[in-house]
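Subject: Structure handover

Hello,

Here is the structure I promised to pass on. Please open it alongside this message, and my notes follow below.

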Amino acid sequence: MKTESRIGIFLCECGGKISNRIDLPQVSELLRYESWAHLGTYPYPCLAPGLEAMRQEVQANGLNRILLGGCSSRVMKKRFTKGLAPVGIEKHQVEVINLRDHVAAVHEGSPQELARKAAALIAGGLASLRLLEPYEPVSLAFQGPVLILGNGISGFAAARELAHKGMESILFSKALTPERVLDELHRTFPGCRLFCGDMAVLLREVFTNPLVKVMPDQPVEYIIGGVGDYHLGLKQPDGSVAEVNGAAIIVSLDREFAPADLDYIGGGERVCNMLDLEDRLVEGDVKPGKVLFWINSPEHGQAAQEFAAMAAWRDSLLLVRENPQVQPMVLYPANVTLPLTGADLMEARAHGIGLQSYNTEIHPVVQSGYLSYVSPTDHLEHEAEWDTLVVPGVPGEPSAKTQELLRWLPIYPENGGRLKKSHIKFWPDQLPDESLFFTGSAGGICDLNEVLQQGKKAARGVLGLREKARQGRLVSPVVVHVDKDLCEGCGLCTEICPCGGIEHVKPGSGPVPRETDNHLCSGGGTCAATCPHEAIKILNNTAQQLEARVKAMVAQMQENDILGFVCGWGGLSSAEQAAVKGLTYPRGIYLIPVNCLGSIDPSILSMAFLNGVKGIMLAGCTPTHSCHYHYGVDHCWYRISAMKKLLSLAGLERRRIAVGYVEVNEPESFVGMVESHLDTLGKLPPLPRDDKTRAKLWAIHATMHRPRVRWVLGTSLRRPTEKEFPGSQLNAVDADETMLDVLREEFTASRILKAITDQPLNPPQIAQGMDEAVKTITPLLTEMTKEGRITIKGWEGGYPLYATGKP
Amino acid sequence: MNAKKAKKEKAKKEKGDGLIRFTINGQSVQAREGWTVLETARQYGIHIPTLCFHPAVHPIGSCRLCVVETRQNNLTRVVASCITPVSEGVEVLTDSEEVQNVRRWVLEMLLANCPASLQIRELAQECGVTSTHFTVEHPEDACPRCGLCVRACDEVVGVRAISLGNRGVFKEVTAPYHQRSTDCIRCGTCLYVCPTGAMEQLFPQVSSE
């Protein structure tokens, strides 16, 4: 790939769908002066005959990059990658430009006019392809034990499975004997005492197996490293930190249950929590008579109620088995389905366990010895008798351990306290093997059996990684690369990375360059767009490539045309859906699909304006819940806001750039956005091309590259809905004004630099060129001289002569 | 066994230049082993209407709209061209009376099955079908149950978030347990490939939240 690029361009006729609308011979003609090794038009490159022809061209011309002018890249790229794999073409070497859905199907206009647009889009693709870099995945070692953290019960199942397959593990647990674990079990899994026999066997096996090392739980000081090589720092009682190394991490977190508040029921000893009942069961202190389990509290959600109903059913079974004189009954809400089998129901009948549902719309009323409820079958109110009334526990917050781990691992709390590994959802082939294993009921209420299965599954995942490593196939895919020479270790990327792909560093280790764990990286790219020193790049999807693409496209655009960035999810899908639905929109917008709007470096926006584009529109997913990269679209919002501020500082219209949000299936909204923005821009003149405006645009672009600006921008990246502000900012207006001050200062500094690039000038001359008062720029000149960004070349008429460069 | 034998024989025949020669509508065409009749026809610019065919996924021949007549060894068959491999010397007719007849019936059934689909109505119009002999039971239905979305979700995306539920006349595109799929990544591939625009209505019912 380091060898020169040999690009093959394959234009698709799509059976007339493209060739009838776009004059393809003219597209070829317009691309004549671009550098490529092959250019051809094919009826259907995507079908077997077309792929055959492509393979022949690749071999005949030694092509190493393929550009297709066809339809949707999302849908068709896999087909081409598969079809061209036999001749050594890899995924990243193929680029598909969507001529059908971005040009042919959605625009009115003559085939010649559309050919110009098609050629511009292809020229952009060519410029980007030329900058491809070699892709060499890094082989990873996978040595050491598996670290099982979090105190969850699933950890034991994982440890046993690992031990069976001869893999060492270290399990951190609060309870250090099997008996202690069982005694604590009902706090996290009430009603699961029925399984205790099997659990005891499992636990004994784990505690005695030489491959499993059970260590007392200690506070986590840090977790650093990546798959194959994790380092876990544990705080010792004496304050020192002990480090344990491992190849993989299994996080096993369970949700604890707390006793429900029973004060409003009263009843003393006769009314109890399910947790208390379990204690009584252990002590064998259960009073004979009618035991009524009342599954109440719908506020904890249906899953919790289902869980409680199952727990009640199991406890009833235990009760009758041990005390035949007890008559249990489970009263559960009608909207909950009990997942009981026919055999279960037969057993219930045999033991006289009542299972009764109640209408949730009419709240049951507790009386002394009775509970009245409305049956959903006959709509009559019935009374259930009780001697002991049992209500389920309340699902509590995940244990305190959680907070320690969340600090270091990409696990996030969702609404309702549920933990999730990440809500990022991708195409499976965008992500490598799963390498972070999260199990336990903290991820969603479930019963013991299921949790143990999760543990087993996690262990199998780890074993899969080990197997891959043994065969030498465990490779890091290299998505994100941090340039160690440029990185200053500020840690901004780690802070904002949503997927945990940028590794943490030990606390107190100072500014050290960051490492990446590409097994976790989602390729969202907001880290690269944030880095103040531009040290991060997303391999083969770099800012430089996007810059080249924009430049190439803008060069072929007319003065009233605009650029449109669409994110790969909501934006792109809606844009393509517009074509499928047969909608049309003006052809003045040239679409560039990106993975996420958050990956667009702020300098790309300024660069587009510098190259003379009239306006920019961006279409992304609806913030925040739809953004596939957590906050990518929010991050982009701040970059656009900075661009708007700079435009107005330069005396240009802020409304030249606009962002809109669409969902996957909202083509009409997308078309509306395009029409509205083109309409707005229609009222504006094209970007002035005089020297003064150009100098200002140059200064805007230079400002976007300034580390200070990028740093301030990076630290202000947040969700616009947040009410807390970083640093000393108190409110939204303050925060915004701070940003504006920084931009103004750096913009003026950049303008000064531009003014003195060609010849040394004195302050009045500089000020005159910039249309500013001398006194506004003198403090800045002094400061810039101190910083060494400009020098005093000499003196002239009592004024210093400023110039760029070193003295 | 028979298929294997036939393949071997075919391989013997092609030893020359690896090309399979046959005719479509009297026009002599050349294809290679593994191509289908539909692919070859498209390569030569011969139009065959399709519905459930998409180059991104494997063809399954479910809509039967791409039917062609093949004549070989005095045997005449009407087959779905998207899943029929090419064979030496076969005579393919894409617009014979027999084909037109089958296609018309298929379109009439589609019109009755998914009357709400604009695309289907346009397709029928192209073939001169404007009304149907069958009873329209669900006038709001636009989905022909061709399974293209299901195949795309499996083969292109790789998540299998949607599937075809039930059987026979009750067949429908749905997510497991009729609940919004948690596997869905909301990429919109199913929307893009849907040939009748039915996915637009179905998407909110099957996609993840």
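Domain bounds here come from an automatic or database domain assignment. Keep in mind too that this is a predicted model.

Chain B first. Its assignment gives domain 1 (18-95), domain 2 (96-137) and domain 3 (148-206). Taken over C-alpha atoms, the centres of domain 2 and domain 3 of chain B are separated by 24 Å. Five residues from domain 2 of chain B and four residues from domain 3 of chain B make the contact. On the side of domain 2 that touches domain 3, three residues are nonpolar, two are polar and no residue is charged.

Next, the interface between the chains. Here 27 residues of chain A are in contact with 25 residues of chain B. Which helices of chain B each supply at least two residues of the side that touches chain A? They are helix H2 (37-43), helix H5 (148-157), helix H6 (189-193) and helix H7 (199-206). That side of chain B divides into twelve nonpolar, eight polar and five charged residues.

Now the sheets of chain A. One is an open sheet of five strands. Its order is E14-E21-E15-E16-E17, and the pairing is parallel. Strand E14 (271-273) and strand E17 (354-358) are the edges, each pairing on one side only. Neighbouring strands in this sheet are turned by 25° against each other on average, direction ignored. Strand E16 (residues 326-333) of chain A pairs with E17(A) over five bridges, in the parallel sense. In this pair, A:Leu331 stands opposite A:Gln356 in E17(A).

Helix H10 (residues 302-322) of chain A lies across strand E15 (289-294) and E16. H10 runs at about 170° to E16(A).

Chain A also has an open sheet of three strands, in the order E9-E10-E11, with antiparallel pairing. The edge strands are strand E9 (220-226) and strand E11 (241-246) of chain A, each pairing on one side only. From one strand to the next, the twist averages 15°. E9(A) and strand E10 (residues 229-235) of chain A run antiparallel and are joined by six bridges. A:Ile223 stands opposite A:Leu232 in E10(A).

On to a helix pair in chain A. Helix H17 (residues 570-580) and helix H20 (residues 667-682) pack at an angle of about 100°, with axes 8 Å apart. H17(A) is therefore roughly perpendicular to H20(A), since angles of 65 to 115 degrees count as such. From H17(A), A:Ser574, A:Ala575, A:Gln577 and A:Ala578 take part. They meet A:Pro667, A:Ser669, A:Phe670 and A:Val671 in H20(A). The residues of this contact divide into five nonpolar, three polar and no charged.

Last, helix H18 (residues 602-610) of chain A. Is H18 mostly covered or mostly open? It is mostly covered, with nine of its nine residues buried. Among the buried residues of H18(A) are A:Pro602, A:Ile604, A:Met607 and A:Phe609. A:Gly612 follows H18(A), and its phi is positive, near 100°.

Best wishes

Notes. Residues numbered from 1 in each chain as written. Chains lettered and ligands numbered in written order. Predicted model: local features only at pLDDT ≥ 70, side-chain atom pairs only at ≥ 80, totals over all residues. Axes fitted to C-alpha atoms, helices over the stretch in contact; angles between N-to-C directions. Helix = DSSP H or I, 4+ residues; strand = E, 2+ residues; numbered from the N terminus. Parallel < 35°, antiparallel > 145°, perpendicular 65-115°, else oblique. Contact = placed C-beta atoms within 7 Å. Nonpolar A, V, L, I, M, F, W, Y, C, P; charged D, E, K, R; others polar. Pairing = 2+ DSSP bridges. Buried ≥ 20, exposed ≤ 12 C-beta atoms within 10 Å, placed from the backbone.
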